[in-house]
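Please look over the structure shown here before reading the report on its contacts.

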Amino acid sequence: MDLRLSEEERLIRDTAAQFVAKELLSREGAFLKQKEPFVPPGDPRRRMLDDEIEKTLVEKAKRIGLWALELPESAGGSSVGQVARVLIYREFGRTALPFEPPPIPAVVATSRYAGELASGELSLTLAFDETHKTGDLSGIRAVYRRKAGAYELSSDGIDVIHPDADLYLLPAVEEGGGAVGLFLLEKNAPGVRIAGVGDLTDDQTVARLTLRACALPSDHRVGVGADVEAIIALEQFRIAGRSLGIAMRCLERSLEHAKDRVTFGRPLSSRQAVQWMLADLAVDLRTSTWLTLEAAWKADRGMPYFYEAALAKKRAARMAFQAADAAIQIHGGYGVAKEFPFESFYRSTRLMRLVYGREAEIDRKLGERLAESGS
Amino acid sequence: MDFCLSTEEETLRRQVEIFVREEILPLEPLFDRAPDIFEGSRWKSRAKLSRDPEVQRYIAVMEGLKKKAEAADIWHLDVPKKYGGREVSNVAMIAATEELEKASVPFELGNHVSTILYACKGEQVERFLLPCIRGEKTACFALTEPGAGSDPSMMAATATPDGDDFVINGTKMFPTFGDVADFVQVFARLPGSKGREGVTCLLVDTGHPGYRVVRSVETIAGSEPCELVFDNCRIPKTQILGEAGKGWELNQAWLGARRFQVGIRCHGTAQRVLRRVEELLRGKTSERERWSASLGHFRGELKALRGITYHGSWKADQGLDVRFEAACVKLFATELLHQVVDFAMEAIGPASFRKEHAIARAFRYARPRRIVEGASEIQRHMIQRALFREGIACMELQ
């Protein structure tokens, strides 16, 4: 047993930490305070990263290997393991600036889009809406059928986060009940309809995607059910890693604020109500950290890890939500002010708890699995 | 980063795993009907005094297990090599205890030796330490007082130097086995000292003049800790454990690594409670469905407990300061066990409340865990103190 970071892991972690400190945290304050109105009117307004800044950041991230983390090097990616990936997202989680290496699942590596995806010229979104409630394949309603060497997809409508992406990765089940397939479709393909674009509470955009006899060439089927499950698990790792970073930031800032802020003649840090909030948070953060790292390590070792990934995500996302909640409470009015990052964390972690398996669903599955195995 | 046990640790774990499967698990049905005294580890000293043939029969079974464990060389695992033990790592001890905890039989590998006794020097070794290792003597631990627990500054008992002796005066509450142990590790302060300064640990034979057991106190968990009075109890200074005035540090060092054992024991007890719930719900589909999410939730929490327990003991093996980790584990483990037992009763209903029911036993066993060896509130206090002192650095990965 050696729970120290290896040299390589440390290097990756430090690279990500430096990037986040130098490029993201330095811009966070201005981003949070921006007053210029942004496009779609919302209540409150949606905040977006400036296009030019985003381009610069993508270039810089690519240069140091913090881009296309899942793609093999042959396809232009960095191909890091899950422990490393968790460590990277843990660093990116520390800032409320909406920038992180987007998940580009390895299944697209052999597609014709791989190069452009790896370079950031094309963007991809995971249209995994139907897996969110259960965190598995059981909710998939989008249907595909084979038709003369090609596929035809149809769906009554699913919600897609980040609908302005160029490509959608969508799981669908074979007509008549059958195997799950994973499809890569272009936003502009015939039969693809995007409507009802709106905002999510966490500043991301969402739209309704419907597919009417959407014909796809056979090479657009990039994976099967097992690939979909693996992508869900990897997304759970991404969320867990991010959650750890969010909680680190919330805890760090809350400790500082509690020391500085004096009420009724004594600093907040001397108040047991505040001390205990932070003590409980620290314990939760610690347990979630090791749960996540062990699950990721199992994935890297080729051991079964799906349940562990789901558990890590469930626990870490909930913990991060509570961390944001505690940070808001300790910061008082500043906590809910948009110029501080905590309300933003609070909103984004609430969604993280809802995607790729709701908490009760993950608990229930773990409970049932134990009943089957009798252990 | 590597979560695998080392080859040596893995070999030991498998050895214990096999021992548990072959020797201990078959005894579970027998111990389900055992007298109350076989809950936890108190049978080790107290049951031996019993004349009840039933109790003696169980003791004989335990002695048989002990001989087999000795033969398999898994008896003195954490005892230093110079005293004839295997001196295995903290992680190996956790792995061994995890295996042992799979059975509900209250059998432990090794005689109970409180770690502070390894501070014994000179003739103390032959008189106090070795007999404990060999199981010939038992010791009790007298720290808490009617008005002082985890806070040393409240300690009132005094150890006054007088020539080559120290004279102890004071009252100690709750030493388990105070009435049956052979000697007591008592903490008292040097006259005029304050706070943690001056706290001194002395080894006192329980028959010594001036040592008196006032009464024993029955508790929810069946243990019967005592109230002790030291009334001009004169002890030669050769019986000071460690250094005079350095007793508090000694006590802290003892608590450190032990907390991880508490962690893995709570983990094991909770696992067994959940397993019992699973068994009782088997075949009852609607009941089973009603509780499966809770079962899954607690299994997940136990995994989390296991993770920080191994991490903490690994860190202890690196020779690093683990007070922060120890406090996290003690707090999380005991609170979680309590929640698991509470849930188990909810799931099984009043049937689980019969005194001899495994869940009822766990219910009684779990409650004092949140108090002894530092209440949850003390743990939270230690955690927040470390957080405010060291900042976020104490949460960073090594």
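## Basis of the model

This is a predicted model, in which local features need pLDDT of at least 70 and side-chain atom pairs count only at pLDDT 80 or more, whereas totals for chains, interfaces and linings use all residues. Residues are numbered from 1 along each chain as its sequence is written, with chains lettered from A and ligands numbered from 1 in the order in which they are written.

## Contact between chains A and B

In this model, 39 residues of chain A are in contact with 35 residues of chain B (contact means C-beta atoms, placed from the backbone, within 7 Å). On the chain A side, H6 (225-260), H7, H8 (306-331) and H11 (359-373) each supply at least two residues, and the largest share, 14 residues, comes from H7(A); helices here are DSSP runs (H or I, at least four residues), numbered from the N terminus.

## Helices H7(A) and H10(B)

H7 of chain A (residues 272-300) packs against H10 of chain B (residues 376-390) at an angle of about 90°, with axes 8 Å apart (axes are lines fitted to C-alpha atoms over the stretch in contact, and angles run from 0 to 180 degrees between N-to-C directions). The two helices are therefore roughly perpendicular, a term that covers 65 to 115 degrees. Among the residues that meet are A:Trp276 and A:Leu278 in H7(A), and B:Arg380 and B:Ile383 in H10(B).

## Domains of chain B

Chain B is assigned domain 1 (7-100), domain 2 (139-245) and domain 3 (248-395), with bounds from an automatic or database domain assignment. The centres of domains 1 and 3 of chain B, taken over C-alpha atoms, are separated by 21 Å, and nine residues of domain 1 are in contact with 14 residues of domain 3.

Definitions and conventions. Angles under 35 degrees count as roughly parallel, over 145 as roughly antiparallel, 65 to 115 as roughly perpendicular and the rest as oblique. Two residues are in contact if their C-beta atoms, placed from the backbone, lie within 7 Å.
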